[in-house]
Structures are given as C-alpha cells and as structure tokens.
Amino acid sequence: MGFKRQQAAQVQAIDLGTLTAAEVERKIIDGVRKYATREANWKGADANTPFLGHIIGMGIESSNLADITMSIERQFLSKRTKRVTLPDGTARLDEGELGPLRILSGQDATAATPGLAVRMLMEHGHMKTDEAYLKGVVSFGYIIAVGDGYRLNDSLQKALSKGAEAAANVKTLAEQARAYAALLADAEALARARQEAFEKEKAQIEELRKELDAANRGLKELETNPNEQALVPLRSKQAELNTRHKAAAARLRVSEEVARGVAKRGPAEQERIEKVRQALLDSAEKAGSGKAEQLA
Amino acid sequence: LTISGAEAAGSSRSDRSLTIQRIVSAACMPLALGACRWLARRGRHRIEGIDELREKVWGWLDRHDGPVIWTANHLTQLDSVLATGQLFSWGRAYRESRYPWCLPRTSLFWPEGTGWRERLLKSAIYLVRGLPIVREGDDAEAAASRERVFRDCVSVLRGGGSVFVFPEADLSPNGWLDRNRPKDFIGRLSTEVPKAAVLCLYMRGESQTRSSLLPEDGERFRMLADWLAPDWDADTPPREVSQRVFDRLAALQDGWFAGSTLVRNCGGNDVIDLESPGIRDRFDSGDGCEEWLERHLTPRERASLGDPCRDPEARRRFWRHFAAKEAAYKALAQAGIDTPHQGYGLLEADLFTGRVVHLPTGASVEIRFTDDDADKIHCVAVFRGGRLGEDGEPGDALWRVDRLPEGEDPSSYVRDRLVEFVAESSDDLSAEELAVTSVGGVPKLLRRGEIQDWGVSISHSGRFVACSFIAS
C-alpha cells in the first residue's frame with residue numbers, strides 16, 4: 001500500500017518551474033482544505049488569509065501546522081534538491097535534479113499564509129521570484145499585527161453584547177482598541193517596537209556566543225592540561241550551549257524577518273491595516289456612542 | 001595571590017589559608033569595591049533608591065553584633081557583585097568583616113589552565129573573597145566538594161565574618177524563587193552558626209523576565225531587603241530555617257512584582273482530542289510519518305519516544321510531548337518569551353522530570369498532565385507565579401476541560417467558559433464583571449475594566465475546550 005501511495009504522490013506533484021505564483025497559491029489553499037475548520041474563511045481565502053485563527057483565519061489547528069508544510073511538499077517538484085551542509089551544521093538545497101520539493105526545518109517559520117508560503121518557495125529558489133505577485137503579499141509581521149487587531153475587536157464586540165456590569169470592561173476595551181488603531185496607523189512606532197525586539201534577541205545570542213566561546217576555550221586548554229574530572233561537565237556544557245545557540249539563531253532569523261517586514265509597509269499591508277483599524281474604530285465608536293453609558 | 005587548584009575545587013581550606021585570604025583581601029578592599037563598582041558602571045547598571053536601602057541595611061548590620069549570612073534570589077552571575085558593590089559605600093570599606101565571602105561557580109570563574117587570563121580571573125576571585133564551588137553534578141565527588149565549601153563558610157562565620165549565599169543554589173531556571181522548594185544549605189549554615197543573622201535581598205530589573213548569564217546593559221534594578229534576626233539554635237531543624245528564609249525572600253518577590261510592569265503569573269494549557277480526525281488518523285496514513293515527527297521533536301525527544309508510526313502507546317507519548325510544548329509555549333509567551341510559528345524544535349519536553357525547556361533562552365517551564373483518558377490529553381504549564389500542584393495536593397494552577405457542544409464556535413465558547421470558570425472559582429467574582437481581551441496576542445482577563453494578572457490560558461481541539469489560570 002505504501003508503494004501505491006508513493007506512486008500517487010509522485011504522479012500528482014508538479015514542477016514548480018511550470019506554474020505561476022497564483023497557481024501555486026491556489027494549490028496550497030486547496031491542499032489544506034481537509035485541515036481547515038473554518039470553512040467559510042477557507043472558501044474565501046486569498047494570499048493573505050492566515051492558516052491559523054478562527055476570526056479571519058482558516059481555523060487550522062496547531063497540531064496540523066506541519067501538515068500544511070508537508071502538503072506543500074507533496075504537491076510540487078523542485079530543482080533545488082541537492083542538500084549541502086553548511087559549516088554551522090545547518091543545511092541548504094542547491095540546484096540539482098528535478099525531484100520532490102523539500103522544505104527544510106525553520107524555512108517555514110514565517111509561512112503563515114498561502115502568499116507567505118509562495119514567498120518562502122521563491123526565497124529558497126524553488127520557483128522564480130515574481131515581484132508583481134509579492135507586492136500583494138502581506139509580510140509576516142503585519143499578519144501578526146492584523147491578527148492581534150481582529151482578536152481585540154472580537155473581545156470588544158463580545159463585551160458590548162453583555163449586561164450592565166460589563167460597562168467598565170467595554171470602556172477599557174474601547175480605549176485599548178483606539179490605542180491599537182493609533183499604533184497601527186503609526187508605521188514608524190510599529191517598526192521601532194519590532195526592531196527593538198530584534199536587537200534584544202541579538203544581544204541575547206551574543207551573550208550565548210560568549211559563553212560558548214568560554215567553554216570552547218576551556219576545552220582547548222584541557223587538551224594541553226588533561227583533567228578528566230573537569231572535561232566531562234565542560235563537554236556536556238558545550239553541547240548544551242551549542243544546541244541553545246543554534247535554536248537562538250533560528251529564532252533570531254524570524255525576528256529579523258519580522259523587523260524587516262514591518263519596516264516596509266506596502267499597499268497590501270496598508271489595505272489590511274486600514275480594514276482592521278476601521279473595524280476597531282467602529283467598535284470603539286459603538287462603545288462610546290451610548291452603549292457603555294446604557295450599560296452603566 | 002592565587003590559591004591552588006585543589007583548594008579551588010573545594011578541598012578543605014585550613015583556617016590559616018582562609019585567614020591569609022581574608023587579610024590580603026581586606027588590604028585590597030578598596031580595590032575589590034572599585035572593581036565591583038566598575039563592573040556596574042561598565043554595564044550601566046543602576047539600583048533605584050540604593051542610598052536609602054544602603055542606610056536601611058546598615059542599620060540592621062550595625063545593630064547586630066555577630067556574623068551575617070547574605071542571601072538573595074539568583075538571576076545572573078553578577079548578582080552578588082552588584083549587590084555587595086552597591087550596598088558597601090567607600091566610607092565603609094574598612095568594615096571588612098561585613099564584606100561577604102562569595103561562592104562563585106568553578107565552571108565559570110575558576111577556569112582550567114595557567115594562561116594570563118585564567119590567572120587574572122583567579123586573582124580577582126581571590127581578592128573578592130571567592131570560595132569557588134562546584135555547582136554542577138550530583139555525583140559523590142561534586143557533593144563532597146560542596147560540603148568542603150560549606151565547612152569553609154562555617155569557618156568564616158564562626159570567625160565573625162559574612163558569607164553571600166544563593167539559597168536556590170543555582171540560577172533559577174524560570175527566574176522565579178519557589179518558596180515550596182527550600183534547599184538545606186542555608187538552613188544548615190544557620191544552625192551550625194546560630195548567632196548568624198540572615199540578610200535577605202531581592203534584586204531584579206524590569207527586563208529580567210528570566211535568568212541569564214549577565215544582566216542587560218543599562219538594566220535598572222529595584223532591590224528589596226529584609227532582616228531575619230537569629231532566634232533559632234543548633235537543634236532547630238535546618239529545613240525549618242531554610243523555609244523561613246525562602247518565605248522571606250518569596251515575600252520580597254511578591255513585593256517586587258507588585259511594583260513592577262512584569263507579568264507575575266505566567267501559565268498555559270493545551271488540550272488534544274485524540275479522536276479528532278486530524279489527530280486520530282495522522283499516523284494511520286503512514287504518510288511521511290518519520291518526517292512529520294522530526295518536524296515536531298528535538299533529536300533527544302525523538303530518541304526517547306519509541307516508534308509512534310507503529311506503536312499506539314508511543315503515539316500517545318508523542319501527543320503528550322506535543323501538548324506539553326503547546327502549553328509551555330503559551331506560558332512563555334505570557335512572560336514575553338517568544339517561540340516562532342512552527343518552532344517545535346525550539347522547545348524540548350522531558351515528561352519524566354515534568355519540564356519543557358525553551359532552547360534559545362534556557363528558560364524552563366513546569367508541566368503537569370490532567371484529565372487524560374482514552375479520548376483526550378490535557379496539559380497545564382506554569383512558568384512562574386505559582387505552584388503547579390500534584391495529585392492530591394492542589395497547587396495554584398486551576399483548570400477545566402469541557403466538551404464543546406455541537407455547532408458552537410470553539411474559539412468563542414472557550415472564552416465564555418474561561419470567564420465562567422474564573423468567576424466560579426471565587427465568591428468575590430461574577431462572570432458579568434469579567435471579559436477576555438488580548439494583549440500582544442496573549443489572552444488576558446479584564447475585571448471591571450482592569451487587566452488582571454491571572455496567567456489565563458485557553459485551548460480547544462476537536463470535541464474539547466479547556467482553560468486554566470493561576471490563582472496565586
């Protein structure tokens with residue numbers, strides 16, 4: 001049975017080089033249908049519909065996140081199939097024979113929408129970069145920011161439907177909504193906040209690197225002055241620090257991408273931002289135009 | 001100026017050797033204090049209100065005619081240097097008996113080798129009255145070396161000196177001092193030298209969400225202090241004294257968080273419906289099973305799991321790992337510690353010890369499984385703020401798992417259940433005065449318009465919804 005399945009998968013997979021970005025996007029959306037619990041959102045999904053989330057997302061549960069990536073892998077073939085191990089232990093895929101698409105660990109960290117998944121395929125050389133298509137793809141940082149906005153709006157809407165004791169909550173939520181709408185309008189403030197988060201993580205990884213250097217120095221010293229008692233814990237410390245350093249580097253790449261994406265607000269981002277801002281301001285206005293007072 | 005490696009590793013120091021170190025370091029006291037101050041200036045570290053605190057602490061020190069054990073929470077390797085350097089003023093540098101001996105870890109501060117760098121560091125440690133201690137390892141040799149350092153501390157205290165001890169023994173893995181886990185070192189020290197008073201310090205900066213090697217540059221600390229006059233004797237059980245010290249430090253910690261913008265209670269939860277199609281059939285299809293597992297597990301986890309592709313028991317273990325990581329991810333997010341989308345490999349769960357480690361930062365979260373049966377798995381996680389509890393011994397984390405009624409929207413339904421559950425858990429609350437909001441993507445509860453620090457968490461999967469919060 002396993003043989004048949006493999007055959008079927010290979011027959012269906014299509015060379016990414018023969019498809020347009022829009023076609024790949026459509027196939028990605030179709031491929032996740034069975035995991036989407038929000039059918040209405042899935043049906044209307046476009047490049048910028050998040051896979052996760054129930055309000056504007058497709059409602060895919062986190063336990064199926066890896067299935068999204070694997071569904072993409074199953075559907076396409078790529079020429080980037082030659083695995084090259086880099087000096088830091090990570091890997092890269094170089095041009096080779098046409099074969100099954102492979103998305104390496106961490107490469108899908110920002111592929112939160114079909115459009116971002118297409119961008120991931122372009123960035124890693126699996127398909128030709130289509131600048132016109134990418135202009136319509138909202139960056140990962142803004143997908144997160146917009147999602148937070150809709151969640152806040154949902155909370156306010158829910159509070160508005162409650163009784164008199166909810167008046168104070170409605171007031172706070174309305175203030176929160178206005179403040180968030182203002183933050184979204186201020187592209188520089190948003191970019192600054194993400195940049196600061198990135199710088200902070202960068203400093204942390206630097207600290208880790210220093211600790212790792214100290215452990216490496218200690219081990220080197222022990223080569224000339226062998227001391228078995230000191231060697232064992234130091235080796236285990238070095239291994240732990242190495243793992244942590246790699247993990248921190250993977251996390252830093254995501255923060256860097258978020259900071260970079262948020263710093264550039266294009267028309268696609270602006271459109272989404274305006275929509276969520278309007279929703280927040282409408283709800284806040286509803287809260288301010290007597291609803292909170294009525295509740296009180 | 002250096003002492004031998006054997007001594008550093010914890011070999012018993014003679015009183016003579018300790019006396020020599022004391023005399024040499026006393027002569028160099030301004031130099032040691034200067035070095036402590038220089039380190040603080042270099043990192044632009046400041047302790048708010050240090051002048052008033054210094055006077056308060058010296059009020060206690062001046063009134064006490066005997067040795068003193070300095071104790072503090074432990075978040076970075078500079079804690080004792082910062083605290084000592086700032087609490088001593090130049091005018092008091094001559095009060096050398098009040099200058100505490102410290103216990104730097106050998107793996108960081110007593111390097112192998114005889115190069116100039118190693119010699120310089122060892123000399124500095126000697127001058128700041130370091131008694132290098134092996135903190136890693138539970139083997140007999142490590143334990144024996146710690147015991148020898150303990151004896152050195154007793155000698156110092158009996159000679160009227162002071163020692164600086166971190167009662168948690170090591171950097172706190174989650175940056176939270178747990179009053180329920182007292183260690184005996186401090187209690188034994190106190191009962192060996194019953195006339196020693198205990199100075200309790202809690203020092204933390206607003207960006208210290210967790211422990212780290214060094215504080216961030218420019219960190220502004222707030223430090224709180226308390227004094228424990230010795231009213232115990234040699235027959236008092238050491239654990240009793242340890243508990244008192246931990247209680248005092250924990251009270252200072254509560255006071256610190258009450259005046260902080262840092263979130264105190266950080267918890268998470270995750271429920272998994274084992275019968276939902278995406279989960280039940282995941283392994284039956286056999287489709288890329290091993291590859292799929294690798295996307296969720298670290299190599300260490302994978303090695304411990306067995307063969308989920310064929311073995312149903314191993315599948316259950318896999319989902320427990322998954323739930324543990326999801327719950328830990330939520331608890332960490334409340335403390336501002338992010339894990340990227342799909343970053344399962346950045347979290348490592350150890351179901352045996354009940355912990356999940358966030359590999360990029362080393363932050364550690366405690367986990368506990370509840371309500372597990374053939375249909376579902378539910379995991380609760382606490383990063384800080386309270387106790388997780390055990391079977392038959394309730395902790396501070398409360399949770400509830402419900403069935404999702406047919407046709408209900410899980411996202412909305414679980415929020416309603418959270419509000420009801422929290423309201424039911426206290427006579428002072430009603431569901432009407434509570435509302436769920438979200439700050440930076442993290443769920444929060446509002447009560448009468450105020451955001452509450454209750455570490456709330458929500459989860460849904462298939463037929464189940466679950467919520468949790470920390471009631472401390």
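Across the interface of chain B and chain A, the rule finds 26 residue pairs in polar contact, both residues at pLDDT 80 or more. A polar contact is a pair of N or O atoms within 3.5 Å; within protein, one must be able to donate a hydrogen and the other to accept it, and residues adjacent in sequence count only if both atoms are side-chain atoms. The model is predicted: local features need pLDDT of at least 70, side-chain atom pairs count only at pLDDT 80 or more, and totals for chains, interfaces and linings use all residues. Residues are numbered from 1 along each chain as its sequence is written, chains are lettered from A and ligands numbered from 1 in the order in which they are written, and side-chain values use heavy atoms, with hydrogens and water left out.

The contact (heavy atoms within 4.5 Å) takes 65 residues from chain B and 54 residues from chain A. The two chains bury about 4,800 Å² between them, 50% of it on carbon and sulfur atoms. Buried area is the accessible area (1.4 Å probe) that two parts lose on being put together, summed over both.

Salt bridges also cross this interface. The rule finds 7 of them between chain B and chain A. A salt bridge requires a side-chain nitrogen of Lys or Arg within 4 Å of a carboxyl oxygen of Asp or Glu. B:Arg295 pairs in this way with A:Asp108, the closest N and O atoms being 3.9 Å apart. Elements of chain B that each supply at least two residues to the side touching chain A include α7 (116-127), α14 (312-334) and β14 (434-439). Helices (H or I, at least four residues) and strands (E, at least two) are DSSP runs, numbered from the N terminus.

Over all chains, the whole structure holds 62 salt bridges. In chain B, the side chains of B:Arg158 and B:Glu192 meet in a salt bridge (3.1 Å, N to O). B:Arg158 lies in helix α8 (residues 140-158) of chain B and B:Glu192 in helix α9 (residues 184-192) of chain B, so the pair ties together parts that are 34 residues apart in sequence.

In chain A, helix α8 (residues 167-185) and helix α9 (residues 187-224) pack at an angle of about 90°, with their axes 5 Å apart. Axes are lines fitted to C-alpha atoms, for helices over the stretch in contact, and angles run from 0 to 180 degrees between N-to-C directions. A:Leu183, A:Leu184 and A:Ala185 of α8(A) meet A:Ala187, A:Ala189 and A:Leu190 of α9(A).
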